[in-house]
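Have the model open while you read.

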Amino acid sequence: VQLQAFGGGLVQPGGSLRLSCAASGRTFSSVVMAWFRQAPGKEREFVAAISRSGETIYYTDSVKGRFTISRDNAKNTVYLQMDVLKPEDTAVYYCALGRITTTQARRYEYWGQGTQVTVSS
C-alpha cells in the first residue's frame, strides 16, 4: 500500500488550501481514510476521518466549519479542503488508511509521507 499526499504550501491567514492523498495497493472503496497533523514540538493529532462510503465523517473540534474531508473512490483519492486557515494550523499533514472510522492514530495501518502546511503572513 502506498499513500502519496500533496497540496501543502505557504498561505496567508484566512486563506485556503486543498490537500490530496492518492492511494494504491488496496481497494480504495474498502478502506477508511483520515488526515492527521503534527506541529513542531507537538504530538501528532487527529484532524478528520471519512468512512468507506463517505457517510460517516469525524472532525476534531478546532477545524469544524473550516475543513472538509471528502473522497473520490473512482480516483482512489481523499481530499482535505482547508478554509479560513489560521497560524495554528501550521503542521505537517499526513493521510492515513485503515479499516475503522476512528480518531485514534494507532488504528490506522498505513501512512503517507506528509505534506507541509504553513500559515503565515
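1. First, a word on terms: strands (E, at least two residues) and helices (H or I, at least four) are DSSP runs, numbered from the N terminus. Residues are numbered from 1 along each chain as its sequence is written, and side-chain values use heavy atoms, with hydrogens and water left out. Bear in mind that this is a predicted model, in which local features need pLDDT of at least 70 and side-chain atom pairs count only at pLDDT 80 or more, while totals for chains, interfaces and linings use all residues.

2. Let's start with Asp-89, which sits in the loop between β8 (77–82) and β9 (91–98). Is Asp-89 buried or exposed? Its relative accessible area is 1%, so Asp-89 is buried (buried is under 20% relative accessible area, exposed over 50%, partly exposed in between, using a 1.4 Å probe and protein chains only).

3. What does the side chain of Asp-89 make a polar contact with? The partner is the side chain of Arg-66, at 2.8 Å. A polar contact here is a pair of N or O atoms within 3.5 Å; within protein, one must be able to donate a hydrogen and the other to accept it, and residues adjacent in sequence count only if both atoms are side-chain atoms. Not counting residues up to four places away in sequence, Asp-89 touches Arg-37, Arg-66, Phe-67, Val-84, Val-117 and Val-119 (contact means heavy atoms within 4.5 Å).

4. Now compare Asp-61, in the loop between β6 (57–59) and β7. With a relative accessible area of 60%, Asp-61 is exposed. Its side chain joins that of Lys-64 in a polar contact of 3.0 Å.

5. On to the inside. A nonpolar core is a set of buried Ala, Val, Leu, Ile, Met, Phe, Trp, Tyr and Cys residues joined through side-chain atoms within 4.5 Å. The largest one has 28 residues, and Met-33, Trp-35, Leu-80, Met-82 and Tyr-93 have the most contacts inside it. At least two residues of this core come from each of β1 (2–6), β3 (17–24), β4 (32–38), β5 (45–50), β7 (67–72), β8, β9 and β11 (115–119). Apart from it lies another core, of 7 residues, including Val-32, Ala-34, Ala-49 and Tyr-108.

6. Tyr-93 deserves a click: leaving aside neighbours within four places in sequence, its contacts include Leu-19, Trp-35, Val-47, Leu-80, Met-82 and Val-117.

7. How many disulfides does the structure hold? There is 1 disulfide (a pair of cysteine sulfur atoms within 2.5 Å). Cys-21 and Cys-95 form it, with their sulfur atoms 2.1 Å apart. Cys-21 lies in strand β3 and Cys-95 in strand β9, so the pair ties together parts that are 74 residues apart in sequence. Cys-21 is buried at 0% relative accessibility, and Cys-95 is buried at 0% too. The link is right-handed, with 55° about the S-S bond.

8. Finally, the overall picture. The chain has 0 helices and 11 strands. Of its 121 residues, 43% count as buried. Among contacts between residues at least 6 apart in sequence, 56% join residues at least 24 apart. The C-alpha atoms fill a box of roughly 40 × 25 × 25 Å, taken along the principal axes.
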